[in-house]
Amino acid sequence: MKKIVIKCGGSILDELTPAFFASLKELQGHGYRLVFVHGGGPDINKMLAMYQVEPEFHNGLRKTTKETLEVVELVLSGQTNRKLVQKLTQNGFQTIGLNGSDGNLLQADFIDQQSLGFVGEITKVNDQLISILIQEGMIPVITPIAVHETGQKLNINADYAAAAVAGAIGAEQCIFVTDVEGIMVENQVVHSVEKEQVEKYIEDGTIYGGMIPKVTSALSALDKGLSSVMIVSGKAPFFNGEEWKGTKIIGKEWSYHE
Ligand SMILES: Nc1ncnc2c1ncn2[C@@H]1O[C@H](COP(=O)(O)OP(=O)(O)OP(=O)(O)O)[C@@H](O)[C@H]1O
Ligand SMILES: [Mg+2]
């Protein structure tokens with residue numbers, strides 16, 4: 001079974017176009033089973049502002065106190081996940097929303113409790129649960145909240161979560177859908193970037209903020225054996241049956257042919 005994990009950025013959720021859903025249909029037509037992981041930065045920030053909490057980031061990762069975690073789960077699970085499930089359903093896709101802590105779907109450890117708080121990295125994915133759903137033709141839409149072995153919930157950057165899920169279920173590809181057409185270098189979208197270039201771009205600031213977790217998790221997904229990772233826009237068609245539009249990230253030992 002060919003599988004694709006699609007990470008849908010909170011940055012783009014309200015702006016997904018019919019062209020985007022048409023690309024999804026193309027993928028299904030090519031025999032791909034889809035699994036979604038969603039972000040929710042803007043929804044979370046809006047709610048934090050209502051609570052008068054200033055968002056704080058460290059290399060693109062959200063510092064998460066106990067209070068922030070409560071808001072994050074409330075918003076991601078109760079609002080953002082619902083929104084994406086509704087949109088997919090309205091566009092004719094059979095969809096089921098899941099919190100990452102349901103059925104131990106996402107299990108995680110703290111990254112660095114001192115500096116980041118309740119932020120985790122995924123150690124295990126209940127891939128069986130995902131298999132059951134996609135075999136039945138359902139599209140799981142996963143909220144990136146995980147459980148620690150103590151039962152504590154942890155906030156997971158959605159890009160990291162998508163890459164971990166993609167690795168765990170043996171997906172062929174992972175696609176990061178965001179609010180830009182790909183990685184921009186000197187105001188131009190680049191067609192592809194290699195590992196060394198990515199590292200250089202992070203160092204010189206060409207890649208910053210929310211693009212950092214995207215490219216680092218892309219590289220880790222490639223290490224786990226995925227054949228392709230792309231960054232695409234949610235406003236435009238990204239797959240027309242033959243060609244992809246966006247930036248392709250290329251791992252080290254990968255030779256890339258057009
Ligand atoms: N070189 C780059 N090219 C393109 N975008 C970049 C680059 N460097 C940094 N960015 C920023 O990365 C942003 C995308 O990441 P961001 O985290 O904001 O969105 P997202 O991951 O799609 O949404 P969410 O975090 O809510 O899931 C772009 O809007 C842009 O501001
Ligand atoms: Mg992001």
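What is the mean pLDDT of the chain, and what share of its residues reach 70 or more? The mean is 93, and 97% of the residues reach 70 or more. Keep in mind that this is a predicted model. pLDDT is the predictor's own confidence in each residue, from 0 to 100. Over residues 254–258, pLDDT stays under 50. For that stretch the model has seven contacts beyond four places in sequence.

Now turn to the largest pocket. It holds about 800 Å³ of space. Its lining is made up of 38 residues. Which of them lie nearest the centre of the pocket? They are G60, D159, G210, M211 and K214. Several elements give two or more residues to this lining: the helices α2 (41–50), α3 (66–90), α6 (158–168) and α8 (211–223), along with the strand β4 (61–62). Of these, α2 gives the most, with four residues. Sort the lining by class and you get 17 nonpolar residues, 16 polar ones and five charged ones.

Stay with α2 for a moment. Its buried residues are D43, I44, M47 and L48. Where do they sit around the helix? They lie on the same side of α2, because they cover an arc of only 130 degrees around the axis. Part of what covers these buried residues is β4 and α3. Just after α2 comes Q52, which takes a positive phi of about 55 degrees.

Look between β12 (184–185) and β13 (188–189), where E186 is found. N187 has its place in the loop between β12 and β13 too. Neither is a glycine: phi is near 50 degrees for E186 and near 65 degrees for N187. Are these residues buried or exposed? E186 is exposed, with a relative accessible area of 74%. N187 also counts as exposed, at 73% relative accessibility. The cut-off for exposed is over 50%, so both values pass it.

Next, find I169, in the loop between α6 and β11 (173–178). Is I169 buried or exposed? I169 has a relative accessible area of 7%. Buried means under 20%, so I169 counts as buried. What touches it? Leave aside its neighbours within four places in sequence, and I169 is in contact with K3, V5, V35, D127 and I130. P18 gives another landmark. I169 and P18 are 151 residues apart in sequence, and their C-alpha atoms are 28 Å apart in space.

How many cavities of 30 Å³ or more does a search of the whole structure find? The search finds one. The largest cavity has a volume of about 50 Å³. Its lining is formed by E181, S233, A236, P237, F238, K245 and G246. By class, that lining has three nonpolar, two polar and two charged residues.

Follow α2, which gives the most to its lining. Then visit the loop that holds E186 and the buried I169. End at the largest cavity, with F238 among its lining residues.

How values were computed
Residues numbered from 1 in each chain as written. Chains lettered and ligands numbered in written order. Predicted model: local features only at pLDDT ≥ 70, side-chain atom pairs only at ≥ 80, totals over all residues. Heavy atoms only, no water. Contact = heavy atoms within 4.5 Å. 1 Å grid on protein atoms, 1.4 Å probe; cavity = no way out; pocket = protein on both sides within 12 Å on 5 of 7 lines; lining within 4 Å. Points joined across faces, edges and corners; volume = space filled by probe spheres on them. Nonpolar A, V, L, I, M, F, W, Y, C, P; charged D, E, K, R; others polar. Buried < 20%, exposed > 50% of the residue type's maximum accessible area, 1.4 Å probe, protein only. Arc of directions from axis to C-beta.
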